[in-house]
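Here is my note on this model. Please keep the structure open while you read.

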Amino acid sequence: MKIGKRFNQLTVKEYFYYLDNYKKYTDFNILGIYRSILENEKLTVTDKVAVREYANKTFQKTFEFLQLKDPIVYFEVFTLGLDLTNGDKNKIWDDIRSNQQKILANKCIKHRNFGDYSKHNCGNDTCVYNGMMIRQGSKLSEGNMHFKTDKKKYNHRPNKD
């Protein structure tokens, strides 16, 4: 069966129904559920938080993997309904980076080409490269995943000749 409706047009009851019966639908997309929570204009903030919590009961591991696959969506969904200071935001982003590193290590993944990090997305709507798969470190890459423990590619020490 197919849902046949965009997730960002669902009501709270429909979200709960589809989350309870997700195995029946071939077009069910877990990442789409979390993105739609942010995009759905029909829901209040308390409704969005309720849907997030309900989805997390079933898809907690997938939600945690979003830190690696799409950290911006993870951050926005995680912080729904919270009043955050800049310090709070920085702490959450530090935690996300730390968790990204742990996930990569636990799953023995040696590359960092995931989700947003694997596609060109410069923000320019007319860019012909938008959505194109890219290699990390190429001229078209917009950002990359890096950690404090990474070795620096270039040594910026001045020569002492």
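1. **Ground rules.** This is a predicted model, where local features need pLDDT of at least 70 and side-chain atom pairs count only at pLDDT 80 or more, while totals for chains, interfaces and linings use all residues. Numbering starts from 1 along each chain as its sequence is written, and side-chain values use heavy atoms, with hydrogens and water left out.

2. **The core.** Start with the largest nonpolar core, which has 25 residues. Such a core is a set of buried Ala, Val, Leu, Ile, Met, Phe, Trp, Tyr and Cys residues joined through side-chain atoms within 4.5 Å. Buried means under 20% relative accessible area, exposed means over 50%, and partly exposed lies in between (1.4 Å probe, protein chains only). F28, I33 and Y34 have the most contacts inside this core.

3. **Who builds it.** Helix 1 (12–20), helix 2, helix 3, helix 4 and helix 5 each supply at least two residues of this core. Helix 3 gives the most, with five residues. Helices here are DSSP runs (H or I, at least four residues), numbered from the N terminus.

4. **A look at I33.** Set aside its neighbours within four places in sequence. I33 is then in contact with F7, Y15, L19, F28 and A55. Contact means heavy atoms within 4.5 Å.

5. **Helix 4.** Which residues of helix 4 (residues 71–78) are buried? They are P71, V73, Y74, F75 and V77. These buried residues pack against helix 2 (30–39), helix 3 (45–69) and helix 5 (86–106).

6. **A salt bridge across the sequence.** The whole structure holds five salt bridges. The term means a side-chain nitrogen of Lys or Arg within 4 Å of a carboxyl oxygen of Asp or Glu. R35 lies in helix 2 and D70 in the loop between helix 3 and helix 4, so the pair ties together parts 35 residues apart in sequence. R35 is partly exposed, at 33%, whereas D70 is buried, at 3%.

7. D95 pairs with K91, their closest N and O atoms being 2.8 Å apart. D95 and K91 are four residues apart in helix 5, so about one helical turn separates them. D94 forms a salt bridge with R97, at 2.9 Å between the closest N and O atoms. D94 and R97 lie three residues apart in helix 5. Why does this spacing work? An α-helix has 3.6 residues a turn, so residues three or four places apart point the same way.
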